[in-house]
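Colleague: Could you take me on a close look at the pocket regions of this one, and then at what packs behind them? I would enjoy a connected walk-through.

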Amino acid sequence: MLVTRLKTLTTALLATAALILTTPAMAAEGNGYREVQTDVSSPEGKVLVQEFFWYGCPHCYYLEGELEPWLEELDEDVVFERRALALGQHWLPLTRAFYAADQLDAVEKTHAKVFHAIHEEGTRLTDADSIADFYAEQGVDREAFLEAFNGFGTQNAIRQTGQIAQAAEVRGVPALLVDGRFLVTGRLAGGNVEMLEVVDSLVEQIRDERR
């Protein structure tokens, strides 16, 4: 009888411990986001949504198809910001490309084309020369692009993005950071469409907090 009771008690304690350990993760999964602490804050009266991405990432490419119509319907109080993130050394060339284009006000006309070239045409953009040639084909001054590509502004942007991503515990891309407090990923939300639905819900939550 004593042995049976001890076995029952042990089973109950193990079950309780398992529940305690898994509840936070399950809650995060259920909400589609994870609360994080960063130094990022939204502009006054706005809600900042930051996208962490890499041009070589197929999931980021697929998300673009959902982002385009979403951005067209974006409310005026929502600010969307793209941040190319380098999670490895081989990610750096394409990450530099984004920030170089950003400094030259060339992101709008090149962003979708870079994704398409890599994921639909199989174009290899792996070093400064091949990347500069590609951007030159899109009408970007090659010399100015290379100067920005190798410049301090690009290096500083990469560093700042890395710091934000580290604070937010971004472990993969794509990821969306809302108001510097809520990290949304495809794994947590359940897919690309669901990521944007979670972001919409968080934006409403933040608006309610401010009322």
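Modeller: Happy to! Lining the largest pocket are E64, E68, R82, F98, D102, V107, E108, H111 and A112. Please keep in mind that this is a predicted model. Helix 2 (58–72), helix 3 (92–103) and helix 4 (107–119) are the elements that each give two or more residues to that lining, and helix 4 has the largest share, with 4 residues. The pocket's volume is about 190 Å³. Sorted by class, its lining holds 5 charged, 3 nonpolar and 1 polar residues.

The second largest pocket holds about 160 Å³ of space. Its lining includes R34, the run from E169 to A175, and also L183, T185, G186 and R187. Strand 5 (182–185) and helix 8 (186–189) are the elements that give two or more residues here. This lining divides into 5 nonpolar, 4 charged and 3 polar residues.

Now for the packing. The largest nonpolar core has 45 residues, and those touching the most other members are F52, Y55, I131, Y135, F145, V170 and V173. V170 and V173 also line the second largest pocket. Among the elements supplying at least two residues of this core are strand 2 (47–53), helix 5 (128–137), helix 6 (142–149) and helix 7 (152–167), while the largest share, 6 residues, comes from helix 3. A second, separate core has 20 residues, including V47, W70, F182 and V198.

Terms used: Residues numbered from 1 in each chain as written. Predicted model: local features only at pLDDT ≥ 70, side-chain atom pairs only at ≥ 80, totals over all residues. Heavy atoms only, no water. 1 Å grid on protein atoms, 1.4 Å probe; cavity = no way out; pocket = protein on both sides within 12 Å on 5 of 7 lines; lining within 4 Å. Points joined across faces, edges and corners; volume = space filled by probe spheres on them. Nonpolar A, V, L, I, M, F, W, Y, C, P; charged D, E, K, R; others polar. Core = buried A, V, L, I, M, F, W, Y, C linked by side-chain atoms within 4.5 Å. Buried < 20%, exposed > 50% of the residue type's maximum accessible area, 1.4 Å probe, protein only.
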